[in-house]
Amino acid sequence: MPTPPENRELSPYTGWTRDHWETTADRLLLAVRPHASPGGGLVDLPGPRPSRSGPRSDGLEGYARTFLLAALRTALGDDPYGHRDRYAEGLAAGTAHPGTEGPDSWPLMADTPQAVVESASVALALRLTRHRLWDHLDDRVRQRAVDWLLPALGPSPVDNNWWLFGLTVAGFLQDAGIETDRAAATVDRALERIEDWYLGDGWYSDGDNRAFDHYNAWALHLYPVLHAHLSGDRALLDRYGPRLRAQLDAHVHLFDTNGAPLPYGRSLTYRFAAAAAPWLGALTGHTPLTPGATRRLASGSLRYFLDRGATDARGRLTLGWHGPYEPVLQSYSGPGSPYWAAKGFLGLLLPADHPAWTDPEEPLPAERADTVRAFGPTGLLVQTTAADGLVRLHNHGSNHVGDPAADDPGYSRHAYSTRTGPTTAPDPADNHFALLAPDGTATARGPVTPLGTGPDRAVSRHTPLPGVHVISAVLVHGRAEVRAHLVLGAPEGTPVRQTGWTAHPEGPVSQLHPVHGYAPELAELPTGATLQGPGPTCTPALHGTTTGPAALFVALASLTAEPAPGDGPGTAPAPVSDLANVQVSGARTVQVTWQNGTTSRITLAAPDASDPEDQ
């Protein structure tokens with residue numbers, strides 16, 4: 001199908017309009033049709049490997065997630081390619097003999113917990129198209145579908161955002177007038193559980209482990225607020241809508257001017273699902289964003305991925321970030337997983353005459369001014385620069401720790417950005433402070449305890465070895481970062497290493513400069529591919545050794561793509577040492593005078609007996 005022409009008058013930043021979104025949805029849906037099972041109940045997409053749940057679950061995932069895309073595409077009526085009829089046929093085939101080895105049969109939730117996840121996409125798709133699809137199904141098909149969905153109303157088998165899958169199924173059943181009392185109890189139970197994880201300022205932890213990531217926007221806010229909206233439940237929307245607005249006030253700062261959402265956390269192969277919450281804000285009115293800024297963010301994100309190879313030669317979404325990239329996957333990722341990106345098409349629920357489609361695009365915060373902002377209770381600090389549109393996130397409080405001895409690259413780094421990707425084993429970790437064993441093995445960061453944030457800073461503590469504690473702090477201004485680490489209780493002469501931003505040859509410039517405690521030499525560690533592209537890459541590193549029971553290490557760092565001074569090719573940005581004058585007083589205090597004359601000061605100390613000064 002032809003690509004609609006760009007409209008740079010309406011969309012000066014991306015050129016895209018609603019026509020582009022509809023065309024993209026149709027292309028994605030048509031591309032998966034050849035992979036449908038004989039009756040359409042499964043969509044068995046090719047991929048590098050199956051998920052841990054197995055191929056049949058993956059086939060259900062392919063059906064459910066593309067069905068959600070089809071529902072969003074056709075919810076307002078237009079269906080030129082007959083998507084609804086195909087998915088109605090698939091629903092009938094998939095539920096005809098569930099739990100069997102039939103060519104179309106869906107797995108049962110009792111046997112395959114992942115089916116609980118997919119039940120939410122099926123139920124939401126049915127809810128969005130109820131009058132155009134569900135109401136026209138044969139009574140026997142409807143009953144089979146209900147029988148398959150009902151187990152989702154039980155307690156969640158996983159104690160995190162999974163509780164909201166039952167809520168989503170319950171919302172559809174309530175709308176359809178089926179098992180309404182049981183469904184209402186499921187909604188109440190799910191909302192009660194996630195309330196335990198709401199920490200304020202729009203932030204939920206995804207479970208009990210202080211995991212703050214994109215699941216805040218595309219799950220923990222999305223499902224309750226969308227349910228309240230579709231139910232017409234004003235009291236529920238009045239409760240959860242302001243939380244969404246607060247989350248969006250932070251979320252919008254995680255998008256680069258090139259459209260990239262910050263690659264941080266897990267499930268990054270869902271890509272432009274990061275645009276779902278901004279669209280939901282426009283749909284419900286609970287948003288700090290103007291309609292034009294909402295579309296600029298969402299269209300920028302969608303274009304970012306499509307322009308960088310997110311689909312293969314046949315138009316299918318791949319497992320990765322730009323293109324295929326296995327290190328970004330989790331064991332639950334299967335060939336159909338990327339189609340959770342369907343949530344990013346939530347804007348198609350807005351009519352064509354809605355201001356989000358008709359108002360001119362407006363700039364994002366990263367395009368307007370430099371920003372430094374702490375994210376409420378999370379221990380996260382965002383740093384953006386208008387000169388290059390880069391977004392950096394400093395992590396001093398978010399965890400998703402499984403094995404403390406093996407850091408998760410998506411959560412354990414001290415910093416992330418929209419134009420670098422975390423290195424993965426066996427490469428040395430980027431943006432990491434470590435103690436080094438005699439054989440050179442670096443310690444993991446492990447679980448992080450936040451010690452506070454401020455207008456220009458974030459502080460945390462971690463325990464890399466038994467009896468050894470590290471107090472870490474970052475101070476930021478413009479593109480400059482002061483990174484300080486106080487090592488407590490390490491044996492005399494323990495080697496340490498601070499790494500900086502991993503640089504691709506065509507990417508932004510990474511700078512790292514020793515200030516205190518490190519040797520003057522800067523090492524350049526050879527590293528390989530990241531989610532931003534193939535290797536080789538290079539990661540700067542500083543080395544030092546501990547002295548005494550409390551050893552302080554301070555460095556300046558910078559990541560920049562801002563234009564370099566001068567007109568000649570190959571000119572480099574100003575050294576980061578020009579951006580700040582850093583002085584250390586005593587054993588723990590860091591005083592910074594920034595380039596514009598403003599100052600910052602911090603004293604590193606542990607708030608308990610792990611600090612020798614407190615003993």
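Author: Contact here means heavy atoms within 4.5 Å. The model under discussion is predicted.

Reader: Which residues does Leu-126 touch, not counting residues up to four places away in sequence?

Author: With those sequence neighbours left out, Leu-126 touches Phe-67, Leu-91, Leu-133, Trp-134, Leu-149 and Phe-172.

Reader: Which residues touch the most other members of the largest nonpolar core?

Author: That core has 114 residues, and Leu-91, Leu-126, Leu-173, Trp-279 and Phe-345 touch the most other members. Another core, of 22 residues, lies apart from it and includes Ala-480, Ala-580, Val-590 and Trp-594.

Reader: Is Arg-392 buried or exposed?

Author: The general idea is a cut-off: a residue is buried under 20% relative accessible area. Arg-392 has a relative accessible area of 0%, so it is classed as buried. This arginine lies in strand β5, residues 390-395.

Reader: Which polar partners does the side chain of Arg-392 reach?

Author: One partner is the side chain of Thr-385, in a polar contact at 2.9 Å. Another is the backbone oxygen of Leu-559, at 2.8 Å. Beyond four places in sequence, the residues touched by Arg-392 include Tyr-416, Arg-479, Glu-481 and Trp-501.

Technical notes. Residues numbered from 1 in each chain as written. Predicted model: local features only at pLDDT ≥ 70, side-chain atom pairs only at ≥ 80, totals over all residues. Heavy atoms only, no water. Helix = DSSP H or I, 4+ residues; strand = E, 2+ residues; numbered from the N terminus. Buried < 20%, exposed > 50% of the residue type's maximum accessible area, 1.4 Å probe, protein only. Polar contact = N/O pair within 3.5 Å; in protein donor to acceptor, adjacent residues only side chain to side chain. Core = buried A, V, L, I, M, F, W, Y, C linked by side-chain atoms within 4.5 Å.
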